[in-house]
Amino acid sequence: MSLVRVVHLSDPHFGTIHMGVGDGLLNTLREIEPALILLTGDITQRARADQFKAAKHFIDQIGSAAVIAVPGNHDISLGNIYERIFHPYKGYENIFKQKLDQNIILKDLCITCLNSTSRWRHIQGEFQYSYLEEQFQENYSNCKVRIAAFHHPMDCAKYIDDKNLLKGRDSAIALFDRHNVDMIVGGHIHDPYVNLSSARYPHIRRKIILSVAGTCMSSRTRAGAPNSFNLIDVNTDFIPKITLTRFDMDSTFHFKPKEIHYFSRDSTLSWNRDSSLIVST
Ligand SMILES: [Fe+2]
Ligand SMILES: [Fe+2]
């Protein structure tokens with residue numbers, strides 16, 4: 001069986017982290033031993049150098065897993081207008097030494113990391129259509145499963161969060177569909193959610209898995225949504241399968257499985273939910 005294990009973290013907002021949460025998360029990550037940790041933005045609270053350094057210090061303690069990050073709206077300086085306009089990703093680039101967008105290949109899995117933020121926007125995210133097309137120019141024909149990762153969400157559980165969804169999402173999802181993206185992951189709203197695209201985008205050809213991770217460490221949690229992260233197990237065998245396990249933090253700073261969602265891909269490259277499980281505590 002060809003299995004790739006990815007941990008999806010989002011929105012740590014370094015600068016707003018309660019004591020004990022980081023250690024609890026580190027312990028769980030070391031037990032899971034993922035091949036990759038995917039961090040979908042709002043790494044810092046105010047894009048300050050000390051907050052990026054704290055993020056780097058945390059990442060350095062994780063272990064051998066590769067860490068790939070995309071920026072969130074909080075990772076662009078808000079108050080320093082000069083920096084915002086001329087060097088919006090300076091803090092991110094100083095720490096991560098990575099391109100803002102890139103394709104990561106892990107066995108038969110391709111993860112397309114995208115930058116949905118803009119120096120001209122404080123909160124909402126958007127892609128230029130030409131930018132998206134450019135990111136999918138390279139042909140990764142060996143990839144059997146493809147994930148797209150960016151900060152702003154494509155779907156949400158609560159109507160109040162509709163205003164925080166990616167602007168231009170109808171055009172974007174059509175492009176993702178055309179390029180056979182299997183799963184789209186993001187964050188931003190601190191309210192974890194997973195569903196098939198058919199619920200919000202019934203017009204596209206295939207069903208894509210849409211997942212939003214909660215905040216993994218920040219005290220900026222929402223009611224009913226404690227700190228959490230998602231473990232994404234991708235099986236790229238003849239019938240590709242994805243198992244998404246959400247780990248929630250409890251009052252003793254332990255992260256434990258709370259929900260498990262099983263998906264498989266059919267012969268039309270469309271995804272279906274096989275089952276879901278709420279883990280009783
Ligand atoms: Fe956030
Ligand atoms: Fe955000």
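Helices (H or I, at least four residues) and strands (E, at least two) are DSSP runs, numbered from the N terminus. The model described here is predicted, so local features need pLDDT of at least 70 and side-chain atom pairs count only at pLDDT 80 or more, while totals for chains, interfaces and linings use all residues. Residues are numbered from 1 along each chain as its sequence is written, chains are lettered from A and ligands numbered from 1 in the order in which they are written, and side-chain values use heavy atoms, with hydrogens and water left out.

With a relative accessible area of 1%, Pro 153 is buried (buried means under 20% relative accessible area, exposed over 50%, partly exposed in between, with a 1.4 Å probe and protein chains only). Apart from neighbours within four places in sequence, Pro 153 is in contact with Asn 164, Leu 165, Leu 166, Gly 187, His 188, Ile 189 and Val 212, where contact means heavy atoms within 4.5 Å. Between the C-alpha atoms of Pro 153 and Leu 29, which are 124 residues apart along the chain, the separation is 24 Å.

Next comes the metal site. Asp 11 (OD), His 13 (NE2), Asp 42 (OD) and His 190 (NE2) coordinate the iron ion (ligand 1) at 2.1 to 2.3 Å. Donors are N, O and S atoms within 2.8 Å of the metal (3.2 Å for Na, K and Ca), and sites may look incomplete because water is not among the atoms. The four donor atoms make angles of 88 to 177°, and the site is irregular. Four donors count as tetrahedral if all angles lie between 85 and 135 degrees; four count as square planar and six as octahedral if opposite donors are over 155 degrees apart and all others between 65 and 115; anything else is irregular. The iron ion (ligand 1) lies 3.6 Å from the iron ion (ligand 2), and Asp 42 coordinates both. Asp 11 sits in the loop between strand 1 (3-9) and helix 1 (21-32), and Asp 42 in the loop between strand 2 (36-40) and helix 2 (49-60), so the pair ties together parts that are 31 residues apart in sequence. Asp 11 counts as buried at 0% relative accessibility, and Asp 42 counts as buried at 1%.

Finally, there is an open sheet of seven strands, with mixed pairing and the order 3-2-1-10-11-12-13. Two strands pair if DSSP finds at least two bridges between them. Strand 10 (residues 228-235) and strand 11 (residues 241-249) run antiparallel and are joined by eight bridges.
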